[in-house]
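Have the structure open beside you as you read.

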Amino acid sequence: MAEHSVPETLSSPVEVRDADPPFDGDDADIILRSCDNVDFHVHKLFLSRASPFFKAMLSLPTPAHTHGVQPGTSDEVRNGLPVVRMSEDTHILDAALRLCYPPPLPRFDTLETLKAAWRAAAKFDIRGAHEVCAQYLLMFAKQEPERVYALAWTYGAWDVAAIAARETLQQPLLVGPYVEEFNDISGAALFRLLEYQRRCIQAVETLIPDLKTWLDLADIPKPIDARCPAQCPTRETRTRDASPVDVKVWWWTYLSDVVGALKKNPLDLAAASGHLTLVAIERAAACPGCRELSITRAMERFNRRLAVEVESRISHIQLTVP
Ligand SMILES: [Zn+2]
């Protein structure tokens, strides 16, 4: 690679270099030149099969075809091959062409490169590129959910949009970042995201009023028979298998606080519950009756049950897509 060569015609004063393999072979039958003057030696067969755009472009009589830039340079020939000037830069053209060629597929290390390649692939109408790009997009969903959501919506990758929407719950309801990709989506797309987030938060908020529909008595840290003195307060609630039942106020306070924390990030129960669990255990330990219980284990058990319920509620909420 990086071999510098002089074009055969005198009309192009700039230095041109050859692309990386596999686009440097001497068995190619046409050259696509990027806007930053890198020559891709390619095979018409691969391009024509992968892309109706390329098929139409390459079916024009050679060498008098061009692709939109620098009129008058379309009749350039190098090493006996017609040169077609493209408006894409090296990185984008490389990625787009790799999507046309047999594997290995291109690598997208950043969302920026994937985004640019996807745009080119859409322009060239490259078969199968949508699926490949959508798979790559998924890899960025955890780190940059808002951007991924907007891109997925832009290209109609609805499965990816749904997964990204879920990841935006790390910072829901406009606490998350503004990203430039929001410029490319409609108000409807943004509305659907906010609607999804709101429904997920409502599902968390209703954990307490719905207690009797999902929690069993055995999941609550020892509500009834702890030998507590009178100053260890209780309150009445209902569970799936017992109603009414008295539960310890220190546990009820914990439940209320952890639900409050989950509303800010429904995906991370560990973060929401970590400190609060310690506080609950401390409060329990202040009572000689509750102190006799295996509070830590009981709290772990309850948190596991809570995690299952939160996951179940959120996974049942669907993002609305067109
Ligand atoms: Zn007690």
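**Notes for a first look**

1. Let's begin with a pair of helices. Helix 10 passes helix 11 in a right-handed crossing. On the helix 10 side, the contact is made by Trp250, Trp251, Tyr254, Asp257, Val258, Ala261 and Leu262. Helix 11 contributes Leu269, Ala272, Ser273, Leu276, Ala280, Arg283 and Ala284. Sorted by class, the residues of this contact are eleven nonpolar, one polar and two charged.

2. Now for the geometry of that pair; please keep in mind that this is a predicted model. Helix 10 covers residues 249-262 and helix 11 covers residues 269-285. The two pack at an angle of about 160°, and their axes are 9 Å apart. Angles over 145 degrees count as roughly antiparallel, and helix 10 and helix 11 are therefore roughly antiparallel to each other.

3. A second pair is worth a visit. Helix 4 (residues 111-124) packs with helix 5 (residues 129-138) at an angle of about 165°, with 10 Å between their axes. Helix 4 and helix 5 are therefore roughly antiparallel to each other. The crossing of helix 4 with helix 5 is left-handed.

4. Which residues make the contact between helix 4 and helix 5? From helix 4 come Leu114, Ala117, Trp118 and Ala121, and from helix 5 come Ala129, Cys133, Tyr136 and Leu137. By class, this contact has eight nonpolar residues, with no polar and no charged ones.

5. Next, look at helix 3, residues 90-100. Nine of its eleven residues are buried, so helix 3 is largely enclosed by the rest of the structure. The buried residues are Ile92, Leu93, Asp94, Ala95, Ala96, Leu97, Arg98, Leu99 and Cys100.

6. Finally, step back to the whole chain. There are 13 helices and eight strands in it. The C-alpha trace spans about 100 × 35 × 30 Å along its principal axes. The radius of gyration is 30 Å, whereas a compact globule of 322 residues would have one near 20 Å.

7. Of the 322 residues in the chain, 36% are buried. Among contacts with a separation of 6 or more, 56% come from residues 24 or more positions apart.

Definitions and conventions
Residues are numbered from 1 along each chain as its sequence is written. This is a predicted model: local features need pLDDT of at least 70, side-chain atom pairs count only at pLDDT 80 or more; totals for chains, interfaces and linings use all residues. Axes are lines fitted to C-alpha atoms, for helices over the stretch in contact, and angles run from 0 to 180 degrees between N-to-C directions. Helices (H or I, at least four residues) and strands (E, at least two) are DSSP runs, numbered from the N terminus. Angles under 35 degrees count as roughly parallel, over 145 as roughly antiparallel, 65 to 115 as roughly perpendicular and the rest as oblique. A crossing is left-handed if the near helix is turned anticlockwise from the far one by less than a right angle, and right-handed if clockwise. Two residues are in contact if their C-beta atoms, placed from the backbone, lie within 7 Å. Ala, Val, Leu, Ile, Met, Phe, Trp, Tyr, Cys and Pro count as nonpolar, Asp, Glu, Lys and Arg as charged, and the others, Gly among them, as polar. The radius of gyration is taken over C-alpha atoms; the globule rule is 2.2 Å times the number of residues to the power 0.38. A residue is buried if 20 or more other C-beta atoms lie within 10 Å of its own, exposed if 12 or fewer, and partly exposed in between; C-beta atoms are placed from the backbone.
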